[in-house]
Structures are given as C-alpha cells and as structure tokens.
Amino acid sequence: MRFKSVFAALAVATMALAGCSVDQPGQDADKPTIRIGYQTFPSGDLVVKNNRWLEEALPDYNIKWVKFDSGADVNTAFIAKELDFGALGSSPVARGLSAPLNIPYKVALVLDVAGDNEALVARDGTGIDTIAQLKGKRVATPFASTAHYSLLAALAQNGLSPSDVQLIDLQPQAILAAWDRGDIDAAYTWLPTLDDLRKSGKDLITSRQLAKDGKPTLDLGVVSDQFANEHPDIVDVWRQQEARALTLIKDDPAAAAKAVAAEIGLSPEQTEGQIKQGVFLTPEQVGSPEWLGSDGKPGNIAVNLQSASQFLADQKQIPSAASLETFQDAIYTKGLPGVLSQ
Amino acid sequence: MSVFVDIAPDEPQVGSPAPVASTGKWRGILTRAALPLLSVVVFFIVWQLVATLGIWNQTFVPYPSTVWQAFIDVSTTHDGVRGYAGYLLWEHLYMTLRRVLVGVVIGVVLGVLLGLVMGSVSWVRSVLEPWLTFLRALPPLAYFFLLVIWLGIDEAPKITLLALAALPPAAVATTAAVVAAPVGLQEAARALGASRTEVIRDVVVPSALPETFTGIRLAVGMAYSSVVAAELFNGIPGIGGLVKDASNYNNTPVVLVGIFAIGISGLVIDGLLRAIERRAVPWRGKI
C-alpha cells in the first residue's frame, strides 16, 4: 500500500518535472514544427536565428533550433530523422553523402567558405618558416574537422604525407593550452583560438590560400530529402532568409556581428573581426556555377565534395569515395539562382 | 566495466566435503558456464535479426559481420594501412591498459593509505571526507581540461585522471572497513599486550582487507570507465582514443569494436581481480 503511494508520488513528480522543462518560448503544440540544427561558427544561420527572421516569415510553424557541437552529431541526428535543416562542414557532408551513411539530404546553401579564419600556424622559436620544415614536428588539429582536411591538403601540396609529421588530435582550447606549454610546434585551427596562437606564432598557410589552390573547405546548409519534397515552399523561404543574412553580412557587417555575437557569447567587436576573416558569398555567388550552380545544372561544389569524399576514403574512414554524380544529385538547385533574390 | 559489488558468492568449493548430489553439480556447471554462453548466443541472434529487419539505419545497427570485418581490419595490416590510425587493435589496447595500470596503482595505493589513516584517526577523517566526496562526485570530463592545462597533452594528464578516478572508491571502502574492524578483537589484542601499530598490522588490516578488495575492484572499474574521457585529447594510440575518433567519423563498426574490446578486457581484469582476491583474502566472510 505504502509502496504504491510512493510510486504514484514519484510518477506524478516525474510528469510535473517533464512538463516544466526549460524550452524555447513561442512553441505552439497545434502548429507543425520545423527542426533546424545549427552550430556556433559565425554564419548567416546565427543572424537568421537571432533576429527571428524565420519565425516571422513562417508564422504558421514552430521553429525549433537545436545546437550541435560537430558535424558528426548533425549527421547522426539526420540519420535518426530528427532534423529538417542542418548546418555542417563540407567534410561531414561528404561523409554523410557517401556509403555507408548515404544520408538522404541535399546541399541547399553555402553558409561560408573558410578564409583567414582557419590557418596553419607555427610557434615562434621553433624555427619553422615553411610547411616543408614541419617534417617530424608535432602538429595539432581537431581530427575529423575541416581544419584536419586542410592540414593534410597543405602537407600534400608540399610533398609530405601524414606520417611525415606527428599529428595530434586536440580540440581548439586544448591546442591553446598545449601551445602555451610548448608541447606542440604548429597547429591548424580556427578562430577565436587562432588569434591567440598568432600572438606568438606565424601563419604558414590559411584556408583562403588553400581555397585558391582548389581545396576549399566550406560550411553548408542542408535539407532532408523528405522535407524538401514535401515542403519546397518552406525551403524557398529558408533560403531567402539565409540570403538576406548573407546580404546583411556584406552590407552591414556591424549589425550582422551584433546578432552573431549574441549567439556565440563573444563581444561584437571580436565577432566582427572573425566575420571579416571568413569568406561570405553573396546570394549571386551562391547561385553561380562556381558554387551551387543553377536549376538543373549543379555547380562546382559537387567536385569539392567529391574530393573531400576521396580524402576520407584515403583516410580509410569510408570504404570508397562516392561518384561525382552522387554529389551532383545531392545539390538542391531548384529555382536557383532566382529564388535567392526574391 | 561492470563491477559486481555483490560479495562474490563463495563459489561451491571444488572437492568440498559437503555431500553434493551429482545432478546438483551438473546444474551448477550448467548455470555457471552454459547460461552466460547462451545469453551471448541469444544476443548475437537478436542483433543479427534487428540488423536484417533494417528498422534502423546501418549506422545505428550494423550487421555483426560488418563489425567482425571492422575487427579484422583494425587488427591487421590491409591495403598498406596498419590497423586504425596506424596502430593495431592490440597496440591501442596495450597503451590503454598500461595507462590504466599505472593510474590504478597510484590511485589505489594512495587511496588505501588514505583510507587506513582516515579509518584510524577520526580527526583526519573529518578533515578529508568532504574533499573525497567532492572529488567522487566530479565526472572526469569536468576537470580533464584543467589537467591538460597543468600537465600537458602526453601521458601525465591521462594517468592523473585515471588515478583520480581510482582513488576515492579505494579510500572510501578502506575507511569503512577499518572503522568496522571488530572492536572486540582489537581490545583483546591490546589486553594481550599488543602495541597500537601491532593492532593495526595484525588485527585491523586483515579484517579490513576483504572490503578493501571490493574497493579496489570498484576503483579499477571507475578508472576503466574513464578511459574514453582520459583519451579525449591526443588519445591515439589508445582504445578510448579509437572510439572517440571513430565516432567523430560516424564509423559505428569501429566504435563497436572498441566498445567490445573495452568491455571484454574489463571482464577479464575483473575476473583476475576476483581470483587474486580469493587467494589473498581466503578469510573473507569468515570472521
């Protein structure tokens, strides 16, 4: 008898607690929900989120923003069918579109292209001035990231294989700690850690240079196939709001930085510095053959993704690279380029 | 690693004089050997079925054969690639076990010494207990970053983390055991003229040993369950580093290989510890 009442009390308490979980405001159970996975790298995504543009443009829907820390997690969420839209790097996208994952999503937007905001830096006092001198040195980078991809591309450019240097898997904060202690000689990482490293080191190469050499790394916006088939109109609205954010970044970086800063917890000045070092395309560029291409004519981005897929295959992280057609099919070009400027 | 905290039910003594009916003996063997085996077989059948049904994506539930292939790939050199990330599976496991061994030895030695002191001197217990409980409540992930800042990225922070994970269970169990040492025996020894040190050495420590061993087993379990956290930074070679790296690539088969390697080696280690315990403390449960 007493057991039962304790049990009942527990059940009631659990349900009450579940009921008052801290959730985003403005969720209405009657409206369908659009689930968007985002990450905290500076991008138009954060401008849209902070200004609530999507909520304004789609008043008949709940917009649920879910924060992720890595592209691998975004991929997992897509496999679990928990996301409609997502933001992730080109390397995870290439992985997601290749076997065995074969995630049914399409690339619908280029959020940003890595520029001077990702770079390979050598520590002062190590005597390293060129990439070739890295041979045998300890170089840190967060594995499975775009920086990892760029680092190996930079090494390959200079005739070094991954085994010629001591690669160390470290997250950016740990890179800074190891750098200050003198445990590593060089690192390929991104802002804001990168700015701290630059105080006592020098750039060997940046992702901007690598992009010019044909090895760009990008952050992409993807949409699940199912959602794109069922709600092409919403995909259009989403792309237009993202395009609006890209335009704002171009025309009024200070205003964009303010919105992004509010999302990532840095000062607007720091954020503006970060945004300036990245490369943000204009909506016209996004719809150009160099990137997404136009309706029915997938652009060059498919080639980039295919080369990222080949890289993963060389790393033995996927059995084999997917074909170029696979990536061309996975570019969402519907209505491009016109739809972005509406 | 799971630690069975139940005091190892004294396995039926082989050749014990107790009259055991032969059917009972057979049943004993059956329960001890066949049932675990059967559960493993059932597990694999269910796994294969779930994978074949294809309710979930391959990334969630890969085929057992895929995982087996991943195991082979990680254990051998194939297409000019050595194992995973340049190291074979046993090398990953060896590095991890070495770290765990060093960390656990440091943690357990310190923990048991601490426990002895805390159990015997009450004011020390009052001073240290809150700290120990504080440390025990911390998930290793919470403070690992500090260890990296203080100790660098090589072996030192990993071993320190494992030692810190192993210390509290050993210390707490030893303290409790020492406190619970039978007062009657202690007083009897005193009355027979034993000094304080002699009482601790000959009465307190032997009576505390069984429970201390449980603490040590718990400590090893705690340390072992912290390996992925310990190898979060620069963890390759290392089985925890392997699991972390593979999950960054959504490489589920390799993750499962790593998990099996950790789990099975954990079972083996716990079995070894139980065997040592039976030899070292035959008087468990008999005083």
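1. In this predicted model, the centres of domain 1 and domain 2 of chain B, taken over C-alpha atoms, are separated by 31 Å. The domain assignment of chain B places domain 1 at residues 22-66 and domain 2 at residues 82-280.

2. The contact between the chains involves 23 residues of chain A and 21 residues of chain B. On the chain A side, helix H4 (71-79), strand S7 (166-169) and helix H7 (172-181) each supply at least two residues. H7(A) gives the most to this side, with 5 residues. By class, the side of chain A that touches chain B comprises 11 nonpolar, 7 polar and 5 charged residues.

3. Chain A contains an open sheet of 5 strands in the order S7-S6-S8-S5-S9, and the pairing is mixed. S7 and S9 of chain A stand at the edges with a single partner strand each, so one side of each has no neighbour in the sheet. From one strand to the next, the twist averages 25 degrees. Edge strand S7 of chain A is also among the elements that supply at least two residues to the side touching chain B.

4. Within this sheet, strand S5 (residues 118-123) of chain A deserves attention. It is largely enclosed by the rest of the structure, because 6 of its 6 residues are buried. In a regular strand, side chains alternate between the two faces of the sheet. Both faces of S5(A) are covered: Glu118(A), Leu120(A) and Ala122(A) are buried on one side, and Ala119(A), Val121(A) and Arg123(A) are buried on the other.

5. The pairing of S5(A) can be followed on both sides. With strand S8 (residues 186-190) of chain A, S5(A) runs antiparallel and is joined by 5 bridges; here Leu120(A) has Tyr188(A) as its bridge partner. S5(A) is likewise antiparallel to strand S9 (residues 201-206) of chain A, again with 5 bridges, and Arg123(A) is bridged to Gly201(A) in S9(A).

6. Strand S6 (residues 138-141) of chain A pairs with S8(A) in the parallel sense over 2 bridges. The bridge partner of Ala140(A) in S8(A) is Ala187(A).

7. H7(A) lies across S5, S6 and S8 of chain A and runs at about 150 degrees to S8(A).

8. In helix H13 (residues 268-277) of chain A, the buried residues are Thr271(A), Glu272(A), Gln274(A), Ile275(A) and Gln277(A). The buried residues of H13(A) pack against helix H11 (232-251) and helix H12 (253-264) of chain A.

Notes:
Residues numbered from 1 in each chain as written. Chains lettered and ligands numbered in written order. Predicted model: local features only at pLDDT ≥ 70, side-chain atom pairs only at ≥ 80, totals over all residues. Contact = placed C-beta atoms within 7 Å. Helix = DSSP H or I, 4+ residues; strand = E, 2+ residues; numbered from the N terminus. Nonpolar A, V, L, I, M, F, W, Y, C, P; charged D, E, K, R; others polar. Buried ≥ 20, exposed ≤ 12 C-beta atoms within 10 Å, placed from the backbone. Pairing = 2+ DSSP bridges. Domains from an automatic or database assignment. Axes fitted to C-alpha atoms, helices over the stretch in contact; angles between N-to-C directions.
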